[in-house]
Amino acid sequence: MSVPVFNITPNLTVSKLCLGTMTFGEQNSMLQSFHLLDQAFNAGINFFDSAEMYPVPQRAETQGRSEEYLGRWIRDRRIPRDRIVLATKVAGPSGQMTWIRNGPKCLDATNITEAIDNSLLRMQTDYIDLYQIHWPDRYVPMFGETEYHPTRQFSSVSIEEQLDALGRAVDAGKIRYIGLSNETPYGIMKFNQVAEKMACFPKIVSVQNSYNLLCRTFDSGLAECCHHERIGLLAYSPLAMGILSGKYFAPDGGPADGRLNLFRGRYSEAESRYNLSNKMIKAATMEYLGIAKKYGLHPVSLAIGFVLRHPLVASAIFGATNSWQLREIIDGCKVELTPEIIEDINEVHGRFPNPCP
């Protein structure tokens, strides 16, 4: 089956499914990663997403391997570069990942330029199709936080400086387009406001935020911005870190190699949002599993079908550690959810709104 495509811009066409590489180099060896990439590419997926900090959980010993494996695969398989859409991300301010540019402390021009050059080297490519700011260079509630606290604002690099550095990389042919990730409506509008004011700066074409049955916060504010600014949503975690497959609420607690089991206590970004002890998460998930059973659908197909039906979703970014998981995701493209299914979904959402914000 060929995966459908979406035109983010007239010159940037991506498959509606994007294989995320955050397990490459940690849960997946290079050989295993190559097999997954082969399977995805042969199914019609042309879009692959990485980040300089991957794999996760992030460690100094493994940092950059995901990009390296992706680049080696393209080179070893001799895939024409124009048949692949490569996306990667620069890490925002972080006091924990001291092995990445001493923090990194900020997203100034030096940090952005260094990050781009290092990603190009690791992926053995002349250019990156879509380069994204992984998270904002300013205080923003994210990864499970829902309330903004003005007193937590810290000094940040201006959007002008960030766009100038990215624009220089575009002019140099190092990147083609730029995007944001884990952003807010304010952030999107400010970036585009600055880009419109300074015609030489590139405009944002995409935003990579979480979107799934357990997290529909995109629809409250961000969707309006994306619609009017013509920005595509790259929806990550369409299965809510695997929760919507139902595996973690099996009597045995799910497979030992499931990420939320395997890295328990070591993966704070995921656990703060996808907390398996949260009763609301379990209750909502069980309701969605019931809907899938009612209509004879695989739970993964219900979850993927829901995300892909959104008119602003350019692509759903998913992770897979083995072949059968990848097949389940691809099969989700075949599903078209009926109005009756959507009505049932919305009824559950009304009772359990966004337990994984």
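The conversation below sets computed values against the definitions of the terms.

Guide: This is a predicted model, in which local features need pLDDT of at least 70 and side-chain atom pairs count only at pLDDT 80 or more, while totals for chains, interfaces and linings use all residues. Residues are numbered from 1 along each chain as its sequence is written, and side-chain values use heavy atoms, with hydrogens and water left out.

Visitor: Why is Tyr-236 called buried?

Guide: Buried means under 20% relative accessible area, exposed over 50%, and partly exposed in between, with a 1.4 Å probe and protein chains only. Tyr-236 has a relative accessible area of 13%, and therefore it is called buried.

Visitor: Where does Tyr-236 lie, and what does Tyr-236 touch?

Guide: Tyr-236 lies in strand S9, residues 232-236. Strands (E, at least two residues) and helices (H or I, at least four) are DSSP runs, numbered from the N terminus. Contact means heavy atoms within 4.5 Å. Not counting residues up to four places away in sequence, Tyr-236 touches several residues, including Phe-143, Asn-182, Arg-273 and Ile-317. The C-alpha atoms of Tyr-236 and Phe-318 are separated by 6.3 Å, although these residues are 82 apart along the chain.

Visitor: What makes a group of residues a nonpolar core?

Guide: A nonpolar core is a set of buried Ala, Val, Leu, Ile, Met, Phe, Trp, Tyr and Cys residues joined through side-chain atoms within 4.5 Å. The largest such core here has 106 residues, and those with the most contacts inside it include Leu-17, Phe-48 and Trp-73. Helix H10 (residues 299-308) gives the largest share of this core, seven residues. Another core, of 14 residues, lies apart from it, and Tyr-236 is among its members. In soluble globular proteins, nonpolar side chains tend to be buried together.

Visitor: Which strands close into the barrel, and in what order?

Guide: The order of the eight strands is S3-S4-S5-S6-S7-S8-S9-S10, with parallel pairing. The twist averages 30 degrees from one strand to the next. Three bridges join S3 to S10 (residues 313-318), and Cys-18 has Ile-317 in S10 as its bridge partner. S8 (residues 204-210) is joined to S9 by five bridges.

Visitor: How many residues of strand S5 are buried?

Guide: Six of the six residues of S5 (residues 85-90) are buried. Val-85, Ala-87 and Lys-89 lie on one side, and Leu-86, Thr-88 and Val-90 on the other. In a regular strand the side chains alternate between the two faces of the sheet.

Visitor: What makes the meeting of helices H1 and H2 a crossing, and at what angle do their axes cross?

Guide: The axes of H1 (residues 30-42) and H2 (residues 65-76) come within 10 Å and cross at roughly 60 degrees. Axes are lines fitted to C-alpha atoms, for helices over the stretch in contact, and angles run from 0 to 180 degrees between N-to-C directions. H1 passes H2 in a right-handed crossing; that name applies if the near helix is turned clockwise from the far one by less than a right angle, and left-handed if anticlockwise.

Visitor: Which residues have a positive phi without being glycine?

Guide: Among them are Ser-237, with phi near 55 degrees, and Ala-240, with phi of about 55 degrees. Most residues other than glycine have a negative phi, and most peptide bonds are trans. Ser-237 counts as buried because its relative accessibility is 14%, and Ala-240 is buried because its value is 0%.

Visitor: Where is a cis peptide bond found?

Guide: One joins Tyr-54 and Pro-55, with omega about 10 degrees. Another runs from Gly-103 to Pro-104, with omega near -15 degrees.

Terms used:
Two strands pair if DSSP finds at least two bridges between them.
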